[in-house]
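Take a look at the structure below.

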Amino acid sequence: MRVEEGAPPRPYIPPSAAGALAACAVAAVLLEHAWHGYLGGKELWLGAGPLALCALVACACTSAAFAARRVGMSAAARWAAWAACGCAIGTVSCALWAASMQASHAALTGSVSAYRFVASSEGSVGSFGVSCTARAVDAAGAEAGRVRLTAQDAYEVGETLALVGRFEELNDSDWARSRFMKGEVASVDAVRVMSIDPPSGFDPIRDLRAAALRAIDPARSEARALIAGTVCGSVVELNQTDASDRFAATGLSHLIAVSGSHLALIAAFVERLMARTRLSRGTCFSIIGALSIAYVLFTGGAASAVRSVAMVCLTMFAQGGRRRAHGISALCLTTIGFVALNPGVVYDLGFQLSATSVLFIAVFSRSIAWHLARLGCPGAIGEALSLTLSAQWATLPLTIPVFGTLSLIAPVANLVVGPLMSGLLLCGIVAVPLCVLAPVLTPLMAVPEGIANASIFAARLLASVPLASIPVALDGLSLAVPYVLAVACYLLWPVLSCRALAGALVAATSACAGWLVFWLFFAPAGITVLDVGQADAIMVRDGSGCMLVDAGVDDAVVDALARNHVYQLDAVIVTHWDRDHWGGLPDVLDAVSVERVFVARGAADAVPEELEDDLEGRTVELDAGDTVRAGDFTCNVVWPQQEVAGEENGDSLVLDVRYDSGGRSLSAVLTGDTEVDQEHDYAGLVGRIDVLKLGHHGSEASVDAQVLDVFDPELAIASAGEGNSYGHPDPACVRAVEEHGSRLLCTKDVGDIAIEPGREGFRVRCAGGSG
């Protein structure tokens, strides 16, 4: 292949990469075994079998290294040797970690009141209070283990609590698994806090951070909260604001988290200050390194920040020794060191995002910038865009499964807001210390506060752009595509002509845009009962018209919309105010654009308090006889026939849904939580239908023979969660449907149930197949 003049060479991947990859892979496998050992209550959480297998792999890699060296394959020998080292480090580290965790778990016995708990992380606000990591200290002053402490109030790092509560085992959930990987062996629910002792001992960094936060006063405004997050790494107040959501929606959250970009700015700033001094090169490097370490400790020592400062120190050490710094080598060595000290870091999302983005930036950003320059992109914009695109390429497979969204506006948002956030950091690290040292200088905070307000305004403006962020659901194979593409690009390292490059970009962009346009404007007509657990959420869709009837009980509805490629909604109809019909509405409103929210006549006055701000100005009441349309679907309201509060099952909005277009037809009744007492009143108004969505999840009183005779549906559908405590659908309901001769499907058995109109009957597609 011909390489054009000036093209960046393929970056060198060192053999230490094999060590880093092996160490991470071994740690991931062994810690997963330890987690299942914890859940299963095994005598040894990490048994001899998995450890022996990993040790055999290390021996095999060692043998391969010797064999490759004998036949003169020195490069392969180095890679195999590093892989052997990585396997050995990961195995030993995980064995020690699991043994320590199990010992801590065994030590935490008896009453919670027998221990004192020292808060060791900032609080995180959740549905059940404020939770933080805490060290449990026994009466002798020895640390027994780390736990997840949940209380009603937030506590400062270092505060010691005496409390009444209870120990609870971590349950089998993704959240509990993440806490286990962070070294927490149990959770503690604080029923009553008996006493609080202030942080003890001399800790200048902790005290300086507390003073800085007092000067910033993050509770004062969103701008001050953003300053606290950017300068001090404290995001407790910021996470409770709308600004945090807007930064997330526009792909800007990484600008707040303390990472390599922060350290690079600080290092450049300090280096510029020392440029006119007569300090030696080594002294300058030492000062920058010491300040970087102090800043990481000051901001809380997140794994991503520690990774960054370790790489900075390795790079400066290499430069101080008159050796060429190599970022990828520093990243690999840092990763191995992290696994050796704390193997649980491989499951830390912040570390994963940080390490992969740094790797992709080091490998691909120069090439992307060069190709953008050949296409006529200005140099400064091309450099910034190449960094953003490289980082997004690396992190999308990690963020989509966690957050379920894709920010389409992120490249533009980073170009606009990135410079503002850099200015905020630099002004903040100057203004905040001055305000701490001399409170009379507090007016200086107006400068970073103004930049913070500008950043928040820009983020809000960009987040308001239609389709700025869309829900996305991808399976494991799809998520692997970006990494497979990265490996292929590196191995081939193509250098395309401008015409070929432009053609490839246009083709890729057109394919993605075509996919989006199809689902936005040409989606096939159908009614889909979404699998959202023990809750209701039903999608009525035709072309560009899409409506959601009920919104489930939690954010599972957003995942359901994503897997059905729903990116905007004309309306959401809330049948009534039971939480399993509206609980996911806040998540829906955050994830996609919603024009209106419909409720029954009179129900607007009973909006739950949690929804008042979200629904202000967009709630519309429907009365019997009203019609709502979604494409060629008409949804006629047949119940209730009087004003209701919307708080009872019998208050549910009932829709007679009809489709008749192009020779295809479909009819269905969406019953909410109504049961036979109400169905006897409205069934005659509807008549024969194709599909009946059973009321109240298929309860015992959801249907009877008389109602079925009037509706005469071919298909009855129940929306219920697997293993629900109510036994839905009830055997009496199932028996009545079967005796009538209708087919019954339930979301807990087949997942999403999509019904499409047809010329000679309707078609049913389930998550597990079609019919």
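Which residue in β21 does Ile717 stand opposite? Ile717 faces Leu745 there. This is a predicted model, where local features need pLDDT of at least 70, side-chain atom pairs count only at pLDDT 80 or more, and totals for chains, interfaces and linings use all residues. Residues are numbered from 1 along each chain as its sequence is written, and side-chain values use heavy atoms, with hydrogens and water left out.

Strand β20 covers residues 715–718, and four bridges join β20 to β21 in a parallel run. Helices (H or I, at least four residues) and strands (E, at least two) are DSSP runs, numbered from the N terminus. Two strands pair if DSSP finds at least two bridges between them. Strands of a sheet pair through backbone hydrogen bonds, either parallel or antiparallel.

Now widen the view. β20 and β21 belong to an open sheet of seven strands, in the order β15-β16-β17-β18-β19-β20-β21, with mixed pairing. β15 (627–630) and β21 (743–746) stand at the edges; each has a single partner strand, so one side of each is left without a neighbour in the sheet. From one strand to the next, the twist averages 20 degrees. Helix α22 (residues 676–686) packs on the sheet and touches β16 (633–639), β17 (654–661) and β18 (664–670). The direction of α22 makes about 140 degrees with that of β16. Axes here are lines fitted to C-alpha atoms, for helices over the stretch in contact, and angles run from 0 to 180 degrees between N-to-C directions. Contact means heavy atoms within 4.5 Å.

Next comes strand β11 (residues 545–549). Five of its five residues are buried, so β11 is largely enclosed by the rest of the structure. Buried means under 20% relative accessible area, exposed over 50%, and partly exposed in between (1.4 Å probe, protein chains only). Gly545, Met547 and Val549 lie on one side of β11, Cys546 and Leu548 on the other.

Five bridges join it to β10 (residues 538–543), and the two run antiparallel. β10 and β11 form a hairpin with one residue between them. Val540 stands opposite Met547 in this pairing. Three bridges join β11 to β12 (residues 568–573), and these run parallel. There, Leu548 stands opposite Val572. The chain crosses from β11 through helix α18 (residues 556–563) to β12 in a right-handed β-α-β crossover. Right-handed means that, with the strands pointing away from the viewer, the path from the first strand over the helix to the second runs clockwise.

Val540 and Leu548 return in the largest nonpolar core, which has 65 residues; both are among those with the most contacts inside it. Strand β13 (residues 593–600) gives the most to this core, with five residues. Apart from it lies another core, of 50 residues, including Leu108 and Phe338. A nonpolar core is a set of buried Ala, Val, Leu, Ile, Met, Phe, Trp, Tyr and Cys residues joined through side-chain atoms within 4.5 Å.

Finish with the cysteines. A disulfide is a pair of cysteine sulfur atoms within 2.5 Å. By this rule the count is zero. Cys54 has its nearest cysteine sulfur, that of Cys87, 7.0 Å away. Cys54 is buried, at 9% relative accessibility. For Cys512, the nearest is that of Cys489, 15 Å away. Cys512 is exposed, with a relative accessible area of 56%.
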